Amino acid sequence: MSLDGYLDDAGSDRLLLSNDADFDRVDEVRASCDAILVGAATIRADNPRLLVRAEHRRADREGRGLALTPVKVTVTSRGDLDPAAQFFTVGDVEKLVYCATPAFGEAQARLGAVATVADGGDPVDVSVVVADLARRGVGRLMVEGGGTMHTQFLTSGLVDELQLVVAPFFVGDSRAPRFVGDGKFPWGPGNRAQLASVRQIGDVVLLRYALSDRFVA
Ligand SMILES: NC(=O)c1ccc[n+]([C@@H]2O[C@H](COP(=O)([O-])OP(=O)(O)OC[C@H]3O[C@@H](n4cnc5c(N)ncnc54)[C@H](OP(=O)(O)O)[C@@H]3O)[C@@H](O)[C@H]2O)c1
């Protein structure tokens, strides 16, 4: 996020907040996960590939009997996603879409050829998503945004670790998406989160918070 807590600016192009070294670190974290989740708005806004990029990390995963890159997961209430988005078309790995019940049939018709579409309830409850992913063999899930997804996972108390990278500039535009929205977070003045480490990576800083006893340093 930016110094003032934004994940993007209000323009249509994706705003790069991290530097190359940190993007490489993110690639390493991705490689350590079984699945990566982003909200549907992030797919529409950024058209992300969500792949492990470094060849040595892909080879390492293959050597461990894993797919080259983690399973991709998204959540949608409207199901209005483009089957030609890179989320669906890039990477020989399973793609999962948890769609709210009212749009489930339509989403299955639109995306069923490129993804597994699951009825996620109405509204989709992230704790149900996590339980279903566990049944599908996902032990370690990386949530990569956007703010709506961060808010739901954090307020549900489902997060074991928060990795927050702060970029050295301001966005200064309240039309832009924030790191989180309003919500009842388990960590407040009377329950401070545990800061596990601080690391400077070039001109950005990585803050790691241990949010459950499943956190592994
Ligand atoms: N800086 C970063 O690291 C980073 C990372 C990721 C994203 N971003 C930025 O964040 C912005 C997007 O963030 P955002 O907060 O607007 O959106 P988001 O979290 O990416 O996605 C929100 C969408 O997800 C679906 N959704 C979320 N919770 C749901 C639920 N419980 N049930 C059903 N559907 C649910 C809805 O999709 P439908 O609209 O399809 O119903 C909702 O509109 C973009 O600008 C992107 O560039 C930045």
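The second largest pocket here has a volume of about 200 Å³. A pocket, on a 1 Å grid over the protein atoms alone, is an open set of points where a 1.4 Å probe fits, with protein on both sides within 12 Å along at least five of seven lines; lining residues have an atom within 4 Å of a point. The volume is the space filled by probe spheres set on the points, joined across faces, edges and corners.

Before going on: this is a predicted model, where local features need pLDDT of at least 70 and side-chain atom pairs pLDDT 80 or more, while totals for chains, interfaces and linings use all residues. Residues are numbered from 1 along each chain, and side-chain values use heavy atoms, without hydrogens or water.

Back to the pocket. Its lining includes Leu154, Phe179, Trp187 and Tyr209.

Next, the ligand. In the side chain of Arg44, an N or O atom is 2.6 Å from a ligand oxygen. Arg78 has a backbone N or O atom 2.9 Å from an oxygen of the ligand, and for Met149 the corresponding backbone distance is 3.2 Å.

Now the rings. How many aromatic pairs does a search of the whole structure find? One. Phe87 and Phe88 form that pair, edge-to-face, 4.9 Å centre to centre with 75° between the planes; pairing needs centres within 6.5 Å, with planes under 30 degrees apart stacked, over 60 edge-to-face and the rest tilted. Both are buried, meaning under 20% relative accessible area with a 1.4 Å probe, protein chains only.

Notes. Rings of Phe, Tyr and Trp (its six-membered ring) pair if their centres lie within 6.5 Å; planes under 30 degrees apart count as stacked, over 60 as edge-to-face and the rest as tilted. Buried means under 20% relative accessible area, exposed over 50%, partly exposed in between (1.4 Å probe, protein chains only). A polar contact is a pair of N or O atoms within 3.5 Å; within protein, one must be able to donate a hydrogen and the other to accept it, and residues adjacent in sequence count only if both atoms are side-chain atoms.
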